[in-house]
Structures are given as C-alpha cells and as structure tokens.
Amino acid sequence: MGTHLPSTEFDGTAVDDQREADAEAVMGEPPAQMVQLLAPDGKLGTDPVFSGYADKLTPEDLRGLYADMAAIRRFDVEATALQRQGQLALWVPLTGQEAAQIGSGRASQPQDYIFPTYREHGVALTRNVDLAELLRQFRGVSNGGWNPKDTNFHLYTLVLAAQTLHAVGYAMGIQRDQKLSAASDGAGQKPDAAVIAYFGDGASSEGDVHESMVFASSYKAPVVFFCQNNHWAISVPTNVQTRVPLSNRAKGYGFPGIRVDGNDVIAVHAVTEWALEHARQGNGPVLIEAFTYRVGAHTTADDPTKYRQSAEEDAWRAKDPLARLEKYLRAEGLADDAFFAKVKADGDELAAYVRRTAHDLENPDIRQSFANVYAEAHPLVAEELAWFEEYSAGFADGEETAGQAAKAGH
Amino acid sequence: MPTMTIAKAINEGLRATLAGNPKSLLMGEDIGPLGGVYRVTDGLIGEFGPDRVVDTPLAESGIIGTAIGLALRGYSPVCEIQFDGFVFPGFNQITTQLAKMHARSHGNLTVPVVIRIPYGGGIGSVEHHSESPEALFAHTAGLRIITPSNPHDAYWMIQQAVACQDPVIIFEPKRRYWLKGEVDVEDQGPAEDPFKAHVLREGTDATVVAYGPLVPVALAAANAAAEDGRSVEVIDLRSISPIDFDTVTASVQKTGRLIVAHEAPTFGGIGGEIAARISERAFHSLESPVIRVGGFHMPYPVAKVEEDYLPDIDRILEALDRAFSY
C-alpha cells in the first residue's frame with residue numbers, strides 16, 4: 001500500500017511493477033500494489049488516500065454493508081436451489097464477490113447509472129431492484145425483467161463487454177446534458193452524475209472494452225470501469241486473458257487504474273466512491289480492478305472440479321468478504337449476536353419471498369413479444385401477429401391450444 | 001425549388017435535424033473538419049460544434065455502442081459508417097444490442113439510433129468499398145432499413161429516420177451521391193412515409209422493383225423496353241425493412257410479371273424475399289416466375305471487372321425477355 005496513488009503519468013517504471021505483479025496475479029497472491037483496508041483477519045489498516053473515504057462510513061453503514069452481503073449470499077443460495085429444482089433454467093452465482101458488488105453499488109448515488117454484466121445481483125440489491133425480478137430472465141419469462149428507468153440499473157447484458165460501450169455513450173450523454181443545462185440556465189457545467197460499467201476478467205479481452213476505454217479517455221467521459229477479476233472466465237484462468245494486472249491497462253489509455261482487494265468491502269466502497277467523485281467532477285474515467293474470486297461455478301451448468309483445484313478455492317474462502325467484516329464488527333463492538341441473528345432471519349425471509357415469487361411468475365404471452373419488436377407500427381409484425389391469431393383461433397373449438405398442439409407435434 | 005445532389009440533400013437534411021432537435025448529434029470517422037470522405041457532413045461542425053458533430057476514434061463497434069448509450073440517455077445519434085464493408089466491426093452492436101434493446105426491455109427503452117452507410121459499387125474502388133450488405137441487416141428484427149434513390153427522398157428520409165423511435169439504417173447509394181434533382185424543402189409530398197414504395201413509372205406488362213443505386217438503371221431499362229413495345233412499371237422500393245408489399249402486390253396483380261433488381265448477391269437476398277412473398281400474395285396473377293437480377297455469389301469483384309458484376313440495363317432487359325418467354 002501507499003504507492004498506488006492514481007496517476008495519469010506515463011512514467012515507464014510501471015512496466016517492471018507489472019511483471020512483478022503478474023506472477024502474483026496468476027497465483028492469486030495479493031500483489032504489492034493493491035488497496036486493502038480490511039485484512040482477512042478483520043484488522044483495519046490505513047491508506048493515505050482511501051482511509052479518508054473509509055472513515056466516512058458510520059457503524060450503521062458498516063452493519064448495512066454486512067447485511068447486504070449476507071442477504072445477497074442467501075439469495076444466491078436460494079436461486080441456485082431453484083435452478084436445481086427446475087424452477088430456473090440457469091443461475092449465475094456470485095458467491096465470493098459480495099464485497100466487490102455491495103461495496104461498489106453502495107458507493108454509487110441514485111443519479112448514477114449502472115451497466116451490469118449478468119452476475120451483478122449484489123449491485124442490483126443496492127439499486128433497489130426487486131430481487132425476484134432478477135430471476136425472470138433465468139426462468140425464461142423475460143429477456144430483461146425490470147425497468148431500468150426506475151432504478152438507473154440497466155438490464156443484464158449477456159454479450160460480453162457490449163455494455164461497456166453503452167456506458168461510455170451514456171456518460172457522453174451526461175456531459176451533453178450538463179452543457180445543455182448550462183446553456184439554458186447558466187448552471188455549472190460539471191457532470192453531477194457518473195456511470196459504472198461492470199465487466200469481468202474474461203470480458204476484458206473483448207474488443208469492446210478496448211474501444212470503450214479509448215472513447216472514454218478521448219472524451220473524458222464520467223465513467224468508472226469496474227472490473228471484477230474473479231480469476232476464472234468459465235474454465236480459463238486470468239493469465240490467459242492478461243499478462244499484466246488488469247488495472248495497469250488504464251495507463252495505456254491515460255486514466256487512473258486501481259487494483260483493490262475485491263473481498264474487502266470497505267476498500268471497494270472507498271475506492272469506488274473516490275472514482276465516482278473523480279468522474280463526476282469532470283476528471284474523466286477510472287478503471288477499478290476488484291481482485292476477487294468466484295467461489296462457485298460460472299453458472300449452474302458448469303463444473304469447476306474439471307479445471308481448478310479445490311485447494312485454490314479453500315485459499316480464497318479464507319479471504320471471505322463476510323467473515324472478515326464480521327470479525328471486525330465483533331472486535332470493535334459494532335455488532336452483536338442479536339445483529340447477526342437478525343441478518344440471518346432477514347436473509348431467510350428474503351429467500352422465502354424470492355422462492356414464492358419465482359413460483360408465481362406467470363408465463364408471458366407471445367403477443368407481448370410481437371408488441372415490443374418495434375416502438376412504432378410495423379406492417380410485417382402486424383401481418384404475422386394477425387396470422388398467429390387466426391391460426392390460434394383454429395384450435396379454439398377443441399380442447400387443445402395452439403401451444404399444446406405444437407408440443408404434441410400436430 | 002432548389003436543385004441539389006443526393007450528398008447535398010443529406011447534408012441539408014442533417015443540418016435541419018441538428019437545428020431542430022437539440023438532442024440530435026452526428027458521430028463518425030472524419031465527419032468533422034473534413035466533412036466525411038464523401039463530404040456529406042461538410043460544414044456542419046462549423047455550425048454546430050464538436051459536441052454535435054463528433055469525430056470519433058476509428059472504431060465502428062465503438063461508434064454504434066456509444067450511440068446506443070447516448071440514445072439510452074435521451075439523445076438521437078446519427079452514426080456514419082465510412083464504407084459498407086467497414087460496418088462489420090459494428091455488426092455485433094447493431095444486431096445483438098441495438099436491434100433487441102426495445103424488445104428485451106418490454107418496450108421500456110427506446111434506442112432511436114440512425115446509422116448511415118454509403119453502399120454499393122460502380123465507383124472503381126478497392127476491396128470492401130463497394131458492397132451491398134442490406135440483406136444481412138434486413139434479416140434482423142428490430143431494425144428498419146431505408147435507402148433513398150433521389151435528392152428529395154434523401155433530404156426527407158434522413159430526417160424521418162432521426163425522428164423514428166426505432167433504430168434505422170439508411171443505406172446511401174454512394175455512386176449516386178452526385179445525382180442531381182429537385183428538393184422541395186417545404187413539402188415532403190409523397191415522401192411523407194419513408195417505408196412506402198413509390199411507383200415511379202406506370203406500366204401494364206411487367207413490374208421492375210429496384211432500390212437505391214439501381215433505380216435509374218431500372219427506369220432506363222423500362223424506357224428501352226418501351227421501344228420493344230413492352231410497358232414496364234418501375235417501383236422504387238425505398239424501404240427494405242419493412243417492405244411495402246401492398247404496393248408491389250398491386251402492381252404485379254396488374255402486370256403479371258415481376259423482376260427484382262439489386263446489386264447485392266441474389267442468394268439469400270431481398271429479391272428472394274420479395275419473390276417468395278409475391279408468389280404467396282399474387283400467385284394467380286403471375287404469368288411467369290419472379291426473376292431476380294443481382295450480384296453473383298462471390299466476394300465483390302475487383303474494380304476492373306465490376307461492370308460484369310453489377311446489374312445494368314441489359315441484364316434487366318434479359319430478365320424481362322425471360323419473363324415474357326413463359
């Protein structure tokens with residue numbers, strides 16, 4: 001710690017640092033230049049820049065961060081169970097990444113706009129998305145599930161990294177809004193909102209990440225690139241995606257890159273708050289690499305025993321984000337047994353709610369699919385819908401519906 | 001009524017859009033001080049500034065992807081793709097993101113992005129500069145695709161594309177950029193609906209459907225056919241998605257014969273789609289099979305042989321001969 005002050009200077013020495021950190025990154029050891037405030041043993045350290053942000057967190061805030069992480073972990077367990085029971089087609093577990101998601105999500109402000117990948121259930125929680133809505137896509141009743149305008153939390157994007165460009169474009173829109181507003185009422189021109197683009201170590205190889213960083217840098221767009229390096233892109237380790245710490249890539253684009261301990265919710269919160277401030281103040285983009293680990297499978301269709309050692313998983317479990325915050329809260333006398341018991345009870349209640357709601361999610365009508373292909377009237381869609389109605393009506397006399405007939409192979 | 005080229009008409013249409021809609025902006029490579037490689041955006045950066053006429057990094061996925069983000073924030077971006085063959089780095093953003101955003105959000109989100117693509121051959125250029133990839137986009141639900149063939153349409157269609165709440169790709173016939181014609185900047189007239197086909201020449205014996213750069217060729221072929229005593233109706237399709245099948249069907253019900261001409265390869269193309277639909281809608285009116293005139297199943301050939309590749313008057317006349325031989 002201590003030498004990672006964000007800088008846009010190209011000093012050349014970083015290359016050697018990168019080489020050194022490379023081996024560490026691949027082995028999963030904490031690299032030298034990683035912001036960490038709360039160590040796995042629950043001891044709170046200091047940092048010349050980010051302690052100032054961490055200090056703003058009240059005991060209530062800290063308990064809230066713990067409660068959020070516990071809730072989303074419980075939710076994750078429930079959703080995985082729902083998949084195993086055939087209630088969901090697929091689930092994308094987040095266990096292990098709670099601190100990265102809750103810490104960054106809680107650092108955002110309501111006016112900020114978030115572009116997630118498809119694993120940001122924890123961020124969704126911080127944006128007040130109804131968690132049951134998250135299940136719609138995985139149950140096959142929606143390709144979205146919620147209205148992003150309600151929460152400024154965009155729909156999940158499944159084509160890797162496509163959303164990073166949307167995030168930059170959105171940030172370019174914020175910049176223009178400020179100018180339009182300044183032109184109309186003489187108000188300040190600083191962007192008062194920022195955007196977070198989430199992506200992973202695997203997606204970092206996609207060309208869209210590169211293009212998004214080029215655009216963001218060129219236009220100094222108010223966007224924070226938040227990369228959760230969870231070490232595995234399905235079965236491929238991070239060292240196939242990069243030979244240098246991902247955070248160092250920011251230097252090549254000319255904006256600050258920070259690697260943060262992604263299992264340290266206090267550090268993640270502090271770093272993200274700093275980065276969002278930096279962006280909102282008109283200083284341009286920031287790349288945050290949250291160094292974390294996907295403890296479970298990529299999805300419920302995956303089998304991690306085929307590509308990685310259980311010893312590695314055990315090593316990361318020892319750095320568990322919840323356990324370390326619990327140690328800290330207990331040691332500092334900020335939370336007691338009653339608090340943790342309530343957190344557990346709340347989690348079970350959330351799980352029951354999600355389970356109940358998932359069961360109750362109604363299958364949509366394909367007419368809704370016809371309705372939303374275009375925003376404006378479209379003759380081909382209208383013609384095909386009319387045909388479908390006529391075709392369906394042909395089954396009305398019998399007991400079968402069109403769908404049943406199709407399944408029966410009629 | 002002013003006379004101007006198609007390039008100038010689009011330029012004026014963009015100028016009117018930028019002046020009338022403060023949330024509209026242009027994005028693309030070299031569209032600023034240079035005015036674009038075809039000068040379609042000439043002078044606009046001087047009038048509207050670099051926040052409205054944005055010279056982007058050289059990255060097509062980046063242009064489309066950031067345009068989507070701008071649209072989500074309430075803006076109406078108009079993207080210029082420099083040449084048809086360079087749209088493919090942006091193909092993913094167009095087909096997996098732009099086309100689907102409205103549907104996957106249950107209609108909560110709209111992304112009124114316009115993509116301008118100069119297309120087609122006949123300019124003696126190098127590889128990737130002469131292609132007609134419209135069918136690849138027409139196959140994707142969620143997109144609208146239009147192509148003007150004359151300055152009046154060009155002036156209005158670019159503005160209509162920006163006003164439309166759906167994503168619109170406007171294929172601009174690059175070898176006709178310098179085609180001149182009258183533009184009524186006060187009255188859209190029959191150009192009011194950009195998704196409607198226009199009957200440009202009435203006839204009774206056969207119908208030729210064309211769009212974009214082949215419209216003047218189809219008209220010339222019809223004139224030549226008239227010398228042989230054949231009365232050929234010519235339709236400018238104007239919109240490739242949706243296609244105005246009502247206008248085409250009505251024409252075929254009158255003439256009984258249909259030729260569809262486009263520069264793009266015939267296999268899997270727009271002509272095949274029209275042939276299939278018309279055979280369903282007007283089967284009993286047809287005196288002959290629908291005949292397609294188009295490019296061959298090959299990568300767009302080198303400039304020195306492109307005249308053998310591109311449909312011309314004789315190719316359309318030959319197709320008419322075949323149609324009349326049944």
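This is a predicted model: local features need pLDDT of at least 70, side-chain atom pairs count only at pLDDT 80 or more; totals for chains, interfaces and linings use all residues.
This report describes the contact between two chains and then several local features of each.

**Where the chains meet**

Contact between the chains involves 36 residues of chain A and 35 residues of chain B. On the chain A side, helix H7 (148-151), helix H8 (162-185), helix H9 (207-219) and helix H17 (379-393) each supply at least two of the residues that touch chain B, and the largest share, 13 residues, comes from H8(A). Sorted by class, this side of chain A has 19 nonpolar, eleven polar and six charged residues.

**A helix of chain A and its end**

Helix H3 of chain A, residues 59-84, has 26 residues and reaches 38 Å from its first C-alpha to its last, which is close to the 38 Å expected at 1.5 Å a residue. Just after H3(A) comes Gly86(A), which takes a positive phi of about 85 degrees.

**Backbone details**

| Residue | Phi | Place |

Another backbone detail concerns the peptide bond from Ser241(B) to Pro242(B), which is cis, with omega near 0 degrees; Pro242(B) is placed in the loop between strand E12 (239-241) and helix H9 (245-255) of chain B.

The UniProt record, in an unreviewed entry, places the feature "domain: Transketolase-like pyrimidine-binding" at residues 4-179 of chain B. In the model, the end C-alpha atoms of that span lie 8 Å apart, and the span is 36% helix and 17% strand.

Strand E5 of chain B covers residues 114-119, and because six of its six residues are buried, it is largely enclosed by the rest of the structure. Val114(B), Arg116(B) and Pro118(B) point one way from E5(B), whereas Ile115(B), Ile117(B) and Tyr119(B) point the other way, and all are buried. Strand E4 (residues 76-80) of chain B runs parallel to E5(B) and is joined to it by three bridges, with Val78(B) standing opposite Val114(B). Strand E7 (residues 168-173) of chain B also runs parallel to E5(B), with six bridges between them, and here the bridge partner of Pro118(B) is Glu172(B).

**A five-stranded sheet of chain B**

Further along chain B, five strands form an open sheet with mixed pairing, in the order E9-E11-E10-E13-E14. Strand E9 (198-201) and strand E14 (291-295) are the edge strands, each pairing on one side only, and the twist averages 25 degrees from one strand to the next. Strand E13 (residues 258-265) runs parallel to E14(B) and is joined to it by four bridges, in which Val260(B) has Arg292(B) as its bridge partner.

Two helices are placed against these strands. Helix H10 (residues 270-281) of chain B packs on the sheet, where it touches strand E10 (206-210), E13 and E14, and its direction makes about 155 degrees with that of E13(B). Helix H12 (residues 313-324) of chain B lies across E10, E11, E13 and E14, running at about 160 degrees to E14(B).

Terms used:
Residues are numbered from 1 along each chain as its sequence is written. Chains are lettered from A and ligands numbered from 1 in the order in which they are written. Two residues are in contact if their C-beta atoms, placed from the backbone, lie within 7 Å. Ala, Val, Leu, Ile, Met, Phe, Trp, Tyr, Cys and Pro count as nonpolar, Asp, Glu, Lys and Arg as charged, and the others, Gly among them, as polar. A residue is buried if 20 or more other C-beta atoms lie within 10 Å of its own, exposed if 12 or fewer, and partly exposed in between; C-beta atoms are placed from the backbone. Two strands pair if DSSP finds at least two bridges between them. UniProt positions are given in the numbering used here, feature names are shortened, and annotations may be inferred rather than shown by experiment. The expected span of a helix is 1.5 Å times one less than its number of residues. Axes are lines fitted to C-alpha atoms, for helices over the stretch in contact, and angles run from 0 to 180 degrees between N-to-C directions.
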